[in-house]
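Hi everyone, thanks for coming.

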Amino acid sequence: MFGRDEKVSPERLTAVQYIILVIFLVLAYGLWRLQVVQSEFYSAAAEKNRTREVPILAPRGKILDREGRIIVDNYPSFTALLLRDSTRDILADAGAIAAGLHLDPKEVRDRIRRFAYTPQFRPIYLKEDITPDELAFVEAHRNELPELDTIVAHRRLYPRNGFMAHLIGYVGEVSEDMLNQPQWELYSPGDVVGKSGVELQYNQLLMGKNGSRQVVVNSRGKEVGQLEEKPAEPGKPLRLTVDIDLQIAAEQALEGHNGAIVALDPRTGEILAMVSRPTYDPNDFAVRIRKEEWAKLVNDDDHPLLNKAIQAQLAPGSVFKIIMATAGLQEGIAQDLRVNCNGGASFYGRYFKCWVVAEHRVHGSVDITKGIYQSCDVFFYTLAERLGIGRIAKYATMFGLGQKTGIDLPQEVTGVMPSEEWKIRNFKQKWYAGETISVGIGQGAVAVTPIQLARAIGTIASGGLMHRPHVTNPTDLPPGIIPASPVADQIRIPIDQKNWEIVTNAMADVVSPLGTANSAHLQGIDFAGKTGSAQTISNAMKAKLGAAGKSRFKDNGWFSGVEPRRNPEIVVCSLLEEGEHGYLAARTAAQVIKAYVEKQRRLPNKMAKANEKVDIGAVWNTPDPDGEGDSLNSGHFVMDVKNSRTRLAAAAPRIH
Amino acid sequence: MSRYISFRDFDWLLMAFILIICGLGVMEIHSATLHTKFAGAHIRQVYWILGGIACMFAMSLVSYQMLLERIHWFYIVALASLISVLLFGQKYLGARRWVKMPGGAHFQPSEWVKLILILAVAKYFADLHDRELSWSDIIKAGAIAGIPMLMVLRQPDLGTALTYLPIAVMGLFLGGLRFKQGAVIVLSCALLLPLGWHVLKPYQRDRLTSFMHPEADSQGSGYQVNQSLIAVGSGGIWGNSEGSQTHLAFLPVPQTDFIFAAFAEEHGFVGALGVMLLYFIVLMRLTQNAQTAPDRAGTFVVMGVVAVLSFHILVNIGMVVGFMPVTGIPLPLMSYGGSSVLFMFLALGIVMNVRMRRFVN
């Protein structure tokens, strides 16, 4: 019998032994390959595994006003996250966590499930910028909910309610599109950078440099040791030329209106205040703005994201008459021009109305001074006809209209100053002489920004010295921060002394009882300026739209004013969209001027500090040569204040 | 027929090597779980080993021939236990593999079915009367292993099901499978393989794809494989006693299926090769015992154990060095786990059983 006692073939048993040997040799080869041949590669991989670079976020530099007061600060913000230690069933804790962080428990559970298959060492972020009581909840439940933790980031704290929002701008995570542009290529995804305003313009200065820590972590990302630390370089503070007191006055003056106010020092070009309305709250962007809120901001007809001080391009209306007057006087035409205003006049076969007919009046005999303070259209129609578009465009361009001012803020627009060449270049059409008449009162194709108008009026009141406006003092900044600008820092435009006096005196009359902005008169302040009301659509269009069009497309009100009238320390340009009348804009600007003067008078002035000769401006009344009351005069004094403790108000001629 | 059995005939040498391997396993479990929530697992492993040794001695006393006589009953009970798992089993991680026993212990029937299968296959081939196998013999042998295999696949537990395969293969090979027949079987399996892809569960497919391209999803399902490769590779020739991969817990659950990776990281190429040598000696010693078995059945029994042990080593170390996909097969004697330890010692008990009866006939 064959079966139980028959031995199994010994060859086959030996074969099995050899097969096992081969298997072991193959496995040994596998070990040799990994541990001997590729050992270095895997050692490096292990090293990379266990060390992690943890960024130390550099706080952004603070933004200060000209006196060093903090406008934009940082605050430590906590983000709640879940560490996934597999010893705990996180899902079971979801209810408690959701309650403590004021989240929807279902949302938390969904989030945990969604991230279940991501590597366990990556935490699940639950909520950004948690409130103090939520932070307290996390801290109080360290033992009960060990998986719940927080990390700190520095977030921007902007002034509330959109105060100064347009000038400051806001920050956000650098986007893919930005990273593709050359100026951002050194940044990495996740960096928080300035996205508009000063935050964008001076991002390099404000941002600082993130540091890093090399830490040893376990597979759950838990730190178990530290190798080296490179501290963060915090961003440098940025001091603006803006004066918060003046900014507050400007913000308050514009409250309830749409438009812009810009105040600057024409002696240096320093921006003192800049407001745009409507505004937005950049704090909403500091964490993360919801899509629908962002869409609402972008699609709003009133353009809350636009900084209208540098981005609104509108017809300047009658404020343009100051440029016209200066051009007319410099060309020797306006001095002796006398016009009889009957409510309108015909040019080139078309009848042009003066604004005054709407009030059922006429201006009668008008010269250059009355033309300015009464804003007589007929006078400037005539002057425009005499000057021609070529000379008008030359002077307007000289004073910086229709071109960027070169202010150190992003996205400034150019505006338009029409001329014959401009028309041919853009429309391939010849200039019609009739268009010159509209341009003469700042209508037609003329489009300027508030900052351009402020600078132009400031330049004329300063006797022709034009400065490039800026929101920071270049001497405060390290070199290389301010990019080269095609606009010169300082330009001198010749204006004859006599013409200068005529124009500035007439501007002072605008806010006198005779002028178009008599309600904006400031007692005891040498305030001068020019109103403007500019149509937003043509009269023909308005007629076509009827009553609905009239209410929707109200005129824009403008005012650009200075203090004092000659060699001013401040120029303010105010734009009220759909403000109907220039005198409303004048009152707004007057509030800013008043705030400025009152602050200057409160301050211990420059005389108290100096101990040598000081050049000061002042105003005083003198008897009129005609013997009819007093007239206001202004000028400069050089005072020797050595050892003097006298204050300016006492030292200067008495102001009535 | 005198029935003289003595522990003098017990394979003490084999026992010594087995205990060395177990000792190294306990040390590595201790080292790998030191600062994890599994800390203390090595103590439990020691208890399992002691229990296993006791079972082994008990097993060596019961005559294997007596067991083989009643193997058809055992086989039926084995199938019944597999069915009970499918019906009443505890669902854990998406698979029904465990039966809850009275007293709170969990029991994985697929492990002891392995043991029954070794005996059943041994009995079947020992009783065949021809030197050469007919196709009907092959199909019958295939069915003996195939039925429990399909049932374990249903749990689903692909890894354990696959360990039944080498038992049948070993039986066929030693039973006299001809080269042509082997070729036909291999070819038809190769043709059926694509069909098998559709039967696999999504997680099993993930494991296979991550085996083919571990870097493709290095943080997802390829994570374990990658971390294991890094652990082994960073061990170098002499090992890295700090062993950051294991000790900082990058290598997930190192004490079970990846114990060899943890060992290789800590003790390097030299240490790992040493352990492989120990396993090789054990396998060679077992084969020698098979040759000296008192009868055909004894040889088949011992070679069945050799088949299972070699297959486990091949798949587990193959996985650790990146030659094999992750299948969840532990390294016998070193990996932490009661079922695995108990099975190994019971199997060794049968081997001793055979050895102690070598002079009996």
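Predicted model: local features only at pLDDT ≥ 70, side-chain atom pairs only at ≥ 80, totals over all residues.

The predictor gives the complex an ipTM of 0.91 and a pTM of 0.60. For chain B, the mean pLDDT is 84, and 87% of the residues reach 70 or more.

Okay, the two chains. Chain A has 656 residues, and 39% of them are buried. Its elements come to 24 helices and 23 strands. Chain B has 361 residues, with 50% buried, and there we find 14 helices and 3 strands.

Let's zoom in on one helix of chain A, α3, which covers residues 90–100. Which of its residues are buried? They are Ile90(A), Asp93(A), Ala94(A), Ile97(A) and Gly100(A). Now look down the axis: these residues cover an arc of only 140°, so they sit on the same side of α3(A). After α3(A) comes His102(A), with a positive phi near 55°.

You'll find Ser375(A) in the loop between α15 (368–373) and α16 (377–398). Is Ser375(A) buried or exposed? Buried, because 27 other C-beta atoms lie within 10 Å, and the cut-off for buried is 20 or more. Lys428(A) also has a positive phi near 55° and isn't a glycine either. Its loop runs between α17 (420–427) and α18 (433–440). Lys428(A) has 7 C-beta neighbours inside 10 Å, so we call it exposed.

While we're looking at loops in chain A, let me show you two cis peptide bonds. One joins Arg277(A) and Pro278(A), with omega at about -5°. Pro278(A) lies in the loop between β12 (270–277) and α11 (283–287). Another goes from Glu563(A) to Pro564(A), and there omega is near -15°. Pro564(A) is in the loop between β20 (556–563) and β21 (570–577).

Now over to chain B, for some helix packing. When two helices pack, we describe them by the angle between their axes and the distance between the axes. Helix α5 (residues 109–126) packs against helix α14 (residues 338–356) with an angle of about 15° and axes 9 Å apart. An angle like that is under 35 degrees, the limit for this label, so α5(B) is roughly parallel to α14(B). The crossing is right-handed. Which residues make the contact? From α5(B) we have Glu111(B), Trp112(B), Lys114(B) and Leu115(B), and from α14(B) there are Ser339(B), Ser340(B), Phe343(B), Leu346(B) and Ala347(B).

α5(B) has another partner to look at: helix α7 (residues 158–175), where the axes come within 10 Å and cross at roughly 15°. That angle makes α5(B) roughly parallel to α7(B), and α5(B) passes α7(B) in a right-handed crossing. On the α5(B) side, the residues involved include Lys114(B), Leu117(B) and Val121(B), while those of α7(B) include Tyr164(B), Ile167(B) and Gly171(B).

One last stop in chain B: Asp257(B), in the loop between α11 (244–247) and α12 (259–291). Asp257(B) counts as buried because it has 25 other C-beta atoms within 10 Å. Leaving out residues up to four places away in sequence, what does Asp257(B) touch? Asn316(B), Gly328(B), Ile329(B), Pro330(B) and Ser335(B). Also, Asp257(B) and Met319(B) are 62 residues apart in sequence, and from C-alpha to C-alpha they are 9.3 Å apart in space.

Technical notes
Residues numbered from 1 in each chain as written. Chains lettered and ligands numbered in written order. Helix = DSSP H or I, 4+ residues; strand = E, 2+ residues; numbered from the N terminus. Buried ≥ 20, exposed ≤ 12 C-beta atoms within 10 Å, placed from the backbone. Contact = placed C-beta atoms within 7 Å. pLDDT = per-residue confidence, 0-100. Arc of directions from axis to C-beta. Axes fitted to C-alpha atoms, helices over the stretch in contact; angles between N-to-C directions. Parallel < 35°, antiparallel > 145°, perpendicular 65-115°, else oblique. Left-handed = near helix turned anticlockwise from the far one by under 90°.
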